[in-house]
Amino acid sequence: MTQFTTLCHSEQRYTAYYGTFAHTPNLGNLEVLPNTLLGVDQNGIIDFIISVEPPIENEIEFENLKSIVINNSSIKLSPNDIDIISIVDNVNSFFFPGFIDTHIHAPQFPNNGIFGNSTLLDWLETYTFPLESSFKDLEIAENIYTKVVNRTLMNGTTTASYYATIHTNATNLLADLCLKLGQRAFIGKVCMNQNSPDHYIETFDQCKESTLNVINHIKKMNPTGDLINPVLTPRFAGSCTDDLLKWLGELRKKGDYHCQTHLSENHKEIEWITNMFPQYKNYTDIYYQNNLLSSKTTLAHCIHLSDEEMNILKLTNSGVSHCPTSNSSITSGEAKIRWLLNNNINVSLGTDCSGGFTPSILEVAKHALLVSRHLVMKSSNDAEKLSSADVLYLATMGGAKVLNIDNNVGCFKRGMKFDCLQININSKNSNIDTFEFQNPNWSLNNGIDKFKDLIDKWLFNGDDRNIERVWVNGRCIINK
Ligand SMILES: O=c1[nH]c(=O)c2nc[nH]c2[nH]1
Ligand SMILES: [Zn+2]
């Protein structure tokens, strides 16, 4: 990477990045833009994306480069508009939109990989509640939350929708950390006032007070909401009384808040919850009747939905967080993602740490692809397969749609925020082996196809070692 900086410009207008950009603006469509210059303004917003031919070599001088760009440009740029141009090697490196993790339990992070042979309900009792209840101690919370935010950023998660715990102070601290470390985040104070252990439960009144406290804290610390936002978080219907769900639904409507919860994860859970709430038609109806479903609601799992329940999601424009790593680990099942997508339901990916064992959305994307093939092995319906372009879409633009931030992030487009990863296939200690004959030659017709093969190699063999820089809102927050 070469960086050219001018000496004495009085005001900086753009930081520009030159190289190959790849993104999935639509489901199944991986678009590759070689020899491209992308300009980011001082507010972190993408202002121009232009193709610059002939390809620029690293040796070219900054002023020459600017004159090529300006002569070539279809937009109006003057020579003083660009102050920094960062050029990235065109063959082994590329820019990709930041990953969006729409379902992650920050306090469960120490348990990643520890789940034995448990399934959901005994897993909650054995592993999860004891760990989460320890977050009344702020020192424990600070230590673990700092690790989670750093680890997910190193893995390219530029936006995360977090479950915290029932504790007000620890949840506020998670919000403070995300703001400080620069990660875009939705922060959910978990609500649970029934069917929970004595050491980890709150009353209805305590829940109301702590929920409002966290919302106020976030609004005060980041008034524009350009980085941190609150998300109402009833843990799941099983741990909330009817009156608590109703209060949360009214609050959601009044404040137009985001909301997240779990839905239809495990057969035993579904039976337990539908018996607990006999006045509702089905599990989904509990959330629907209590006004918890909207285009700003994320429902984790949705594995065993009936047609009737899927239609409620469609009607309310609620989004799904698909968590294939978790669903395989604690043996919950295989979500029918193609069926949801064919019904125009927005779907995204969640690590669901620590039901899932990895903090990496890239790894979850591989698992989503594999789980879709397990469904095909049972149904023999090839159409259920998810392609690599499909799962990369779920990891980025799909997440933006589910969280209702698709006007701001998810792909590279004029007017969107620059939330971006710089990927290097041949980074230090990379797990990916490339061979000369696999390098794309941009002057040949098959350059783009060859590059798409490299993206597949990255999807299946890459990891955090290939992520060299991470930006959120145009700010570089990881530079390895
Ligand atoms: O994957 C899950 N993780 C949890 O922490 C949880 N709580 C209720 N249901 C849950 N599912
Ligand atoms: Zn979960």
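## Surroundings of Ile187

In this predicted model, Ile187 contacts Tyr162, Ala164, Thr171, Leu174, Ala175, Val214, Ile218, Ile228, Pro230 and Val231, neighbours within four places in sequence being left aside (contact: C-beta atoms, placed from the backbone, within 7 Å).

## Nonpolar cores

Ile187 is also among the residues with the most contacts inside the largest nonpolar core, together with Tyr162, Leu174, Ala365 and Ala368; this core has 122 residues. Helix 12 (residues 361–379) supplies its largest share, 7 residues. At least three core residues come from each of domain 1 (1–98 + 410–480) and domain 2 (100–402), with bounds from an automatic or database domain assignment.

A second, separate core of 5 residues includes Leu120, Trp123, Leu124 and Ile330. A nonpolar core is a set of buried Ala, Val, Leu, Ile, Met, Phe, Trp, Tyr and Cys residues joined through C-beta atoms within 7 Å; buried means that 20 or more other C-beta atoms lie within 10 Å of the residue's own, with C-beta atoms placed from the backbone.

## Ligand shell

Around ligand 1 lie His105, Leu120, Leu124, Thr128, Arg235, Phe236, His262, Glu265, Ser326, Asp352 and Gly355 (C-beta atom, placed from the backbone, within 6 Å). Helix 2 (residues 120–133) gives the most to this shell, 3 residues; helices are DSSP runs (H or I) of at least four residues.

## Confidence and conventions

The average pLDDT (per-residue confidence, 0 to 100) is 93, and 93% of the residues score at least 70. Over residues 1–10 the pLDDT is below 50. Where pLDDT is low, the predicted coordinates should not be read in detail. The model scores ipTM 0.98 and pTM 0.96.

Residues are numbered from 1 along each chain as its sequence is written, chains are lettered from A, and ligands are numbered from 1 in written order. Local features need pLDDT of at least 70 and side-chain atom pairs count only at pLDDT 80 or more, whereas totals for chains, interfaces and linings use all residues.

Terms used: Helix = DSSP H or I, 4+ residues; strand = E, 2+ residues; numbered from the N terminus. pLDDT = per-residue confidence, 0-100. Contact = placed C-beta atoms within 7 Å. Buried ≥ 20, exposed ≤ 12 C-beta atoms within 10 Å, placed from the backbone.
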